Amino acid sequence: MLRAYLDFHRSTLAMKCEGLSDAELRRQSMPPSTLSLLGLVRHMAEVERTWFRRVINREDIPLVWSDDGDFQVSYDAGASTRAEAFGAWQAEVEHSRRIEAAAESLDVTGPQPRWGKDVSLRLVMLHLIHEYARHNGHADFLREGIDGMVGA
């Protein structure tokens with residue numbers, strides 16, 4: 001069930017971006033926010049990488065767009081393209097799926113340094129569902145502002 005809901009939310013984010021040009025995907029919401037659909041895709045690549053690869057798989061790797069761990073860098077999609085952002089995001093999703101499928105159980109844990117404790121794969125999957133659901137709400141408003149499309 002966790003896998004199905006997580007994949008549903010991953011698909012929803014991709015669907016919100018379908019049929020748009022790079023310029024439309026980079027279009028920012030109203031000031032002072034600089035949020036864009038492409039920024040959300042880049043951010044979710046960082047989220048997937050951090051929770052599955054760095055936490056659960058214990059890989060010592062930097063973020064995709066920031067060597068010094070600044071998650072905010074991913075939101076800056078000003079020079080980004082669909083190919084760059086979606087390529088990174090889809091690669092991280094595939095890593096996440098492999099890690100989740102290879103895990104002995106949802107009770108496998110990894111260290112979450114920001115929280116100062118170990119977290120289970122179950123918690124990671126729930127956290128990702130929450131993160132996607134929240135950002136898909138943002139994506140809904142962003143897409144509506146670009147061409148009027150609403151709904152999942």
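Student: Which helix does Asp140 lie in?

Tutor: Asp140 sits in helix α5. Keep in mind that this is a predicted model.

Student: Why is Asp140 called partly exposed?

Tutor: Its relative accessible area comes out at 26%. Buried needs under 20% and exposed needs over 50%, so Asp140, at 26%, falls in between and is partly exposed.

Student: What does Asp140 touch, leaving out residues up to four places away in sequence?

Tutor: Lys16, Met149, Val150 and Gly151. Asp140 and Lys16 are 124 residues apart along the chain, yet their C-alpha atoms are separated by 6.9 Å.

Student: How do you know that α3 and α5 run roughly antiparallel?

Tutor: Look at the angle and the distance: α3 and α5 pack at about 175°, with their axes 10 Å apart. Angles over 145 degrees count as roughly antiparallel, so α3 is roughly antiparallel to α5.

Student: What residue classes make up the contact of α3 with α5?

Tutor: That contact has 16 nonpolar, four polar and three charged residues.

Student: Which residues make the contact of α1 with α4?

Tutor: From α1 you get Arg3, Asp7, Arg10, Leu13, Ala14 and Cys17. From α4 come Arg82, Phe86, Trp89, Val93, Ser96, Arg97 and Glu100. By class, the residues of this contact divide into six nonpolar, one polar and six charged.

Student: Asp7 is on that list. Why is Asp7 labelled partly exposed?

Tutor: Asp7, which is found in helix α1, has a relative accessible area of 22%. Buried means under 20% and exposed means over 50%, so Asp7 counts as partly exposed. As for its place in the fold, the C-alpha atoms of Asp7 and Glu94 are separated by 11 Å, and the two residues are 87 apart along the chain.

Student: And why does Ala91 count as partly exposed?

Tutor: Ala91 lies in helix α4 and has 37% relative accessibility. That value is between the 20% and 50% limits, so partly exposed is the label for Ala91. Ala91 and Asp70 are 21 residues apart in sequence and 20 Å apart in space, C-alpha to C-alpha.

Student: What makes Met30 exposed?

Tutor: Met30 has a relative accessible area of 66%. Exposed means over 50%, so Met30 qualifies. Met30 lies in the loop between α2 (22-26) and α3 (37-56), and its C-alpha is 9.5 Å from that of Gly145, 115 residues away in sequence.

Student: What is the phi of Arg58, and where does Arg58 lie?

Tutor: Arg58 has a positive phi of about 55° although it is not a glycine, and it lies in the loop between α3 and α4. For background, most residues other than glycine have a negative phi.

Student: Where is there a glycine with a positive phi?

Tutor: In the hairpin of β1 and β2, Gly116 takes a positive phi near 70°. The hairpin has four residues between the strands.

Student: How do you know that β1 and β2 pair?

Tutor: Pairing takes at least two bridges. Four bridges join β1 (residues 109-112) to β2 (residues 117-120), so the strands pair, and they run antiparallel. Gly110 stands opposite Val119 in β2.

Student: Which residues have the most contacts inside the largest nonpolar core?

Tutor: Leu13, Leu37, Phe52, Trp89, Leu128 and Tyr132, in a core of 36 residues. The elements that give two or more residues to this core are α1 (2-17), α3, α4 (82-102) and α5 (121-147). Of these, α3 gives the most, with eleven residues.

Student: What does Leu37 touch, not counting residues up to four places away in sequence?

Tutor: Its contacts are Lys16, Cys17, Leu20, Leu25, Arg27, Ala139, Leu142, Arg143 and Ile146.

Notes
Residues numbered from 1 in each chain as written. Predicted model: local features only at pLDDT ≥ 70, side-chain atom pairs only at ≥ 80, totals over all residues. Heavy atoms only, no water. Buried < 20%, exposed > 50% of the residue type's maximum accessible area, 1.4 Å probe, protein only. Core = buried A, V, L, I, M, F, W, Y, C linked by side-chain atoms within 4.5 Å. Contact = heavy atoms within 4.5 Å. Axes fitted to C-alpha atoms, helices over the stretch in contact; angles between N-to-C directions. Parallel < 35°, antiparallel > 145°, perpendicular 65-115°, else oblique. Nonpolar A, V, L, I, M, F, W, Y, C, P; charged D, E, K, R; others polar.
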